[in-house]
Amino acid sequence: MQAILHCDREWGIGKNGTLMFSIPKDMKFFRSTTLGKVVVMGSRTLDSFPGGKPLKKRTNIVLSTRISEERAREDGFVLVRSKSELFCELKKYDSDDVFIIGGAQLYYTMLPYLDRVLVTKVDAVGGADTFFHDLDSDPDWRLEKESESVEDNGYSIRFCTYVNLNRRLF
Ligand SMILES: NC(=O)c1ccc[n+]([C@@H]2O[C@H](COP(=O)([O-])OP(=O)(O)OC[C@H]3O[C@@H](n4cnc5c(N)ncnc54)[C@H](OP(=O)(O)O)[C@@H]3O)[C@@H](O)[C@H]2O)c1
């Protein structure tokens with residue numbers, strides 16, 4: 001199981017409930033990596049999508065105590081109410097196919113259980129109000145791969161993979 005995200009130089013991931021950057025090459029990477037797979041998100045991330053709708057061509061799992069069963073049925077996503085319900089649901093899938101896609105609260109909840117984190121690092125400071133854990137200063141995490149810098153939409157980005165050296169089982 002892995003998380004996928006982009007962040008700025010300070011591990012910032014969001015501002016005012018939305019993303020700070022729109023970078024087509026990163027969006028393409030996110031789409032091609034998650035298509036046909038299982039994406040898991042918190043309710044605020046679902047609400048940040050156009051019309052609050054789940055992502056197409058993927059199995060969407062949403063963790064929320066307040067979203068109705070009816071909305072989940074109509075919009076075609078799997079609704080879970082707690083971390084333990086989520087863990088039960090995740091046992092149905094191959095762990096390599098599961099992507100935690102945010103936001104900060106869900107990343108925080110799932111971090112100890114992840115095998116790896118796919119981070120697109122944006123060489124900018126976006127003034128975030130929401131942050132990911134700083135993996136560079138955590139000895140449990142090792143930077144395994146880092147691409148060359150790629151320029152897109154005025155930003156310089158690098159695709160990085162971190163591995164968890166102390167993964168917890170659920
Ligand atoms: N840079 C990136 O790659 C990236 C990716 C995704 C999101 N983001 C950004 O992150 C921000 C949103 O993050 P966020 O932390 O505010 O929200 P979030 O994690 O998307 O959603 C939080 C909500 O999820 C539910 N939830 C999360 N953990 C739970 C748990 N352990 N048990 C029960 N329910 C749980 C709760 O929903 P209920 O209140 O409904 O119970 C909670 O209010 C936005 O700015 C978004 O744009 C950035």
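**Figure 1. The shell around the ligand.** The residues of the shell around the ligand divide into ten nonpolar, 16 polar and three charged. In this division, Ala, Val, Leu, Ile, Met, Phe, Trp, Tyr, Cys and Pro count as nonpolar, Asp, Glu, Lys and Arg as charged, and the others, Gly among them, as polar. This is a predicted model, in which local features need pLDDT of at least 70 and side-chain atom pairs count only at pLDDT 80 or more, while totals for chains, interfaces and linings use all residues. Residues are numbered from 1 along each chain as its sequence is written. The ligand has 29 residues around it, and those that come nearest are Gly-14, Gly-42, Arg-44, Gly-102 and Gly-103. A residue is near a molecule or strand if its C-beta atom, placed from the backbone, lies within 6 Å of it. At least two residues of the shell come from each of β1 (2-7), β2 (12-14), β3 (38-42), α2 (43-48) and α5 (104-110). Helices (H or I, at least four residues) and strands (E, at least two) are DSSP runs, numbered from the N terminus.

**Figure 2. The whole protein.** The protein has five helices and eleven strands. Its radius of gyration is 16 Å, close to the 15 Å that the globule rule gives for 170 residues, so the protein is as compact as a globular protein of that length. The radius is taken over C-alpha atoms, and the globule rule is 2.2 Å times the number of residues to the power 0.38. The C-alpha trace spans about 45 × 35 × 30 Å along its principal axes. Of the 170 residues, 33% count as buried. A residue is buried if 20 or more other C-beta atoms lie within 10 Å of its own, exposed if 12 or fewer, and partly exposed in between, with C-beta atoms placed from the backbone. Among contacts with a separation of 6 or more, 67% are between residues 24 or more positions apart. Two residues are in contact if their C-beta atoms, placed from the backbone, lie within 7 Å.

Figure 3. Five of the five residues of β3 are buried. Val-38, Val-40 and Gly-42 point one way from the strand, and Val-39 and Met-41 point the other way. In a regular strand the side chains alternate between the two faces of the sheet. β3 runs parallel to β4 (residues 59-63), and five bridges join them. Two strands pair if DSSP finds at least two bridges between them. Met-41 stands opposite Val-62 in β4. From β3 the chain passes through α2 to β4, a β-α-β crossover that is right-handed. A crossover is right-handed if, with the strands pointing away from the viewer, the path from the first strand over the helix to the second runs clockwise. β3 also pairs in the parallel sense with β6 (residues 98-100), over three bridges. There Val-38 stands opposite Val-98.

**Figure 4. Strand β7 between two partners.** Five of the seven residues of β7 are buried. With β1 the pairing is parallel, over six bridges, and Cys-7 has Lys-121 in β7 as its bridge partner. With β11 the pairing of β7 is antiparallel, over seven bridges. Leu-118 has Thr-161 in β11 as its bridge partner.

Figure 5. The peptide bond from Gly-102 to Gly-103 is cis, with omega near 0 degrees. Gly-103 is in the loop between β6 and α5. Asn-16, in the loop between β2 and α1, is not a glycine but has a positive phi of about 50 degrees. Asn-16 counts as exposed because it has 10 C-beta neighbours inside 10 Å. Asn-153 lies in the loop between β10 (150-152) and β11 (155-164), and its phi is positive, near 50 degrees. With 12 other C-beta atoms within 10 Å, Asn-153 is exposed. Most residues other than glycine have a negative phi, and most peptide bonds are trans.

Figure 6. Arg-31 is in helix α1 (residues 24-34). Arg-31 has 13 C-beta neighbours inside 10 Å and therefore counts as partly exposed. Leu-111 is in the loop between α5 and β7 (116-122). Leu-111 is buried because 20 other C-beta atoms lie within 10 Å. The C-alpha atoms of Leu-111 and Arg-142 are 14 Å apart, and the two residues are 31 residues apart along the chain.
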